[in-house]
Amino acid sequence: MLRSVPRLLALVDVGVPRLFSFPVTGSRKRFSVLRVQSVMTDPDLGLYRPPAAVRGMTVLEHDAFTQTVVVPAIRIPTRALNRLVKSLKKVALQRPGLKRVVDDDTDGGNETTGEHRLLLLDPQRVESAESFGPEEAAALKALGVEPAIRHYSLQLTYENLKSEEVLRAVLPEGQDVTSGFSRVGHIAHMNLRDHQLPYKNLIGQVIMDKNPGVTCVVNKTNTIDSTYRNFQMEVLAGESNMVAKVKENGVSYEFDFSRVYWNPRLGTEHERVVSLLRRGDLVFDVFAGVGPFAVLAARRGCSVFANDLNPESYKWLQHNAKLNKVESKLTSFNLDGREFIQGPLRERLPDLIKRSDSSSAVHVIMNLPALALDFLDAFRGLLKGEKDPGPDGGVLPKLHVYGFSKEDEPERDVLERAELSLGTSLKGRCEVHMVRNVAPNKEMMCVSFSMPRDVLYGADVVVVEEEEEEEEDDGRSEEPSPKRPKRVETQ
């Protein structure tokens, strides 16, 4: 039944000549302009009006999408073709797999002499000769070409359609047909909504067809809430090979996408933070994943200690260090974040602080937005019992800590949560950077600050002073006092 659709369309189009090879006037002009206007009146449909028979299709049948449409065209002498195609580029028809220049099949009833060609025009931009802009009209006039509009019956097939057009034709009317996805190497990763699930395999096939290089389409089946930050997925179309190869900021990475966490939208943030580092700096990456911060920092000339709890991430982290020839600059660990802070980081930090100066620094990156702020309490009294070298005895580590926020004031929210975990105020000594909008009313933020000396060595000085000042103020401040973190004694 579906395969007969093109034949039915051809019957419907009987009586519409394939090409008007002369300026259209009188009743024919009214008829033809109405045909073109019918295409133009609904910008959501655009050029393509899907056959009713494809609505609800769950198994993709390419032939069922074939349709004949009428588009405007202009007849151009072959001698002037190259120059005019450039001048009319903005109004020319642009469709995947379609030629904009076609043969002029008739010439006043005689066989074509090859002296003229037709340039197909975008019906959304051109309705009549008056639709051409000043520059386009001037180019036509300079080459002696009449701006008369002809109409061409054009066959559109599945190959000429955009993915949104195919999905809009298939899914129920009025439903969201968003075909957005994240691309990770050869894998297209989608988050389909409930109403799209009955069509999931068709959607996967369309995405693969319309995006060269995509050979696997997957759909996330749950949220990232596991211990290892990866999510379950199902293959919608293509091969089941989950080992992706990607390049970000000039660095190559390989990993099993189904077993580790990777977000292709964070490339700019990785580069931003690593651009703050200098050759010779020391970097502790607490939640390193497969190494987007760690490997990039090692490539910059930093000495990196990178950790991840997920054994798969740990394996691919080591692999990526070798892949990029920085294994001598990167030491990897497979520990819980808190164990890493209180173990390898704690062991090395006293000497690193003594050695650090204006030419080298220690950075700690904590990119686990769902939980990283809660891990800050692991730094309370981390060096208690160690001799504090004082402000002139070394530079304290600088932290870059990520967190999600759904509050109206995300900067204030993540800052207060960081202060609560640390047990001290960061007012005036930190920077808060908005990384990206994750979802409606959900932001990803980064709080950067030098680790307060009182936290690291267990002094709790700032909290005591702020509490005393608050009591002396006796509530008479003109502005409400900010929330204070509860004081917790460091053991």
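A quick word on ground rules: residues are numbered from 1 along each chain as its sequence is written, and side-chain values use heavy atoms, with hydrogens and water left out. Because the model is predicted, local features need pLDDT of at least 70 and side-chain atom pairs count only at pLDDT 80 or more, while totals for chains, interfaces and linings use all residues.

Let's start with salt bridges, meaning a side-chain nitrogen of Lys or Arg within 4 Å of a carboxyl oxygen of Asp or Glu. How many salt bridges does a search of the whole structure find? The search gives 15.

One of them pairs arginine 117 with aspartate 103, at 3.3 Å from N to O. Arginine 117 sits in strand β3 and aspartate 103 in strand β2 (residues 101-103), so this pair ties together parts that are 14 residues apart in sequence. Helices (H or I, at least four residues) and strands (E, at least two) are DSSP runs here, numbered from the N terminus. Arginine 117 is partly exposed at 24% relative accessible area, and aspartate 103 is partly exposed at 47%. For those words, buried means under 20% relative accessible area, exposed over 50%, and partly exposed in between, with a 1.4 Å probe and protein chains only.

Next, look at helix α7 (residues 267-274), where glutamate 269 and arginine 272 lie 3 residues apart, about one turn of the helix. Their side chains meet at 2.8 Å, N to O. Glutamate 269 is buried at 5%, whereas arginine 272 is partly exposed at 23%.

Helix α11 holds another pair, aspartate 413 and arginine 417, 4 residues apart. Their closest N and O atoms are 3.0 Å apart. Aspartate 413 counts as buried at 15%, and arginine 417 as partly exposed at 28%.

Now for the surface. Glu407, Asp408, Glu409 and Glu411 gather in a patch of negative charge; patch residues have over 30% relative accessible area and no salt bridge, with like charges joined within 9 Å. Aspartate 408 is in the loop between β15 (398-405) and α11 (410-422), and its 82% relative accessibility makes it exposed.

Last, the cysteines. The whole structure has 0 disulfides, a disulfide being a pair of cysteine sulfur atoms within 2.5 Å. Cysteine 430 is partly exposed at 25%, and cysteine 446 is buried at 1%. Thanks, everyone!

Note on methods: Patches are made of residues with over 30% relative accessible area and no salt bridge: like charges are joined within 9 Å, nonpolar side chains (Val, Leu, Ile, Met, Phe, Trp, Tyr) within 5 Å. Accessible areas come from the Shrake-Rupley method with a 1.4 Å probe; for residues, only the protein chains shown count as cover. Lys and Arg count as positive and Asp and Glu as negative; His and the chain ends are not counted. The place of a charge is taken as NZ of Lys, CZ of Arg, CG of Asp or CD of Glu.
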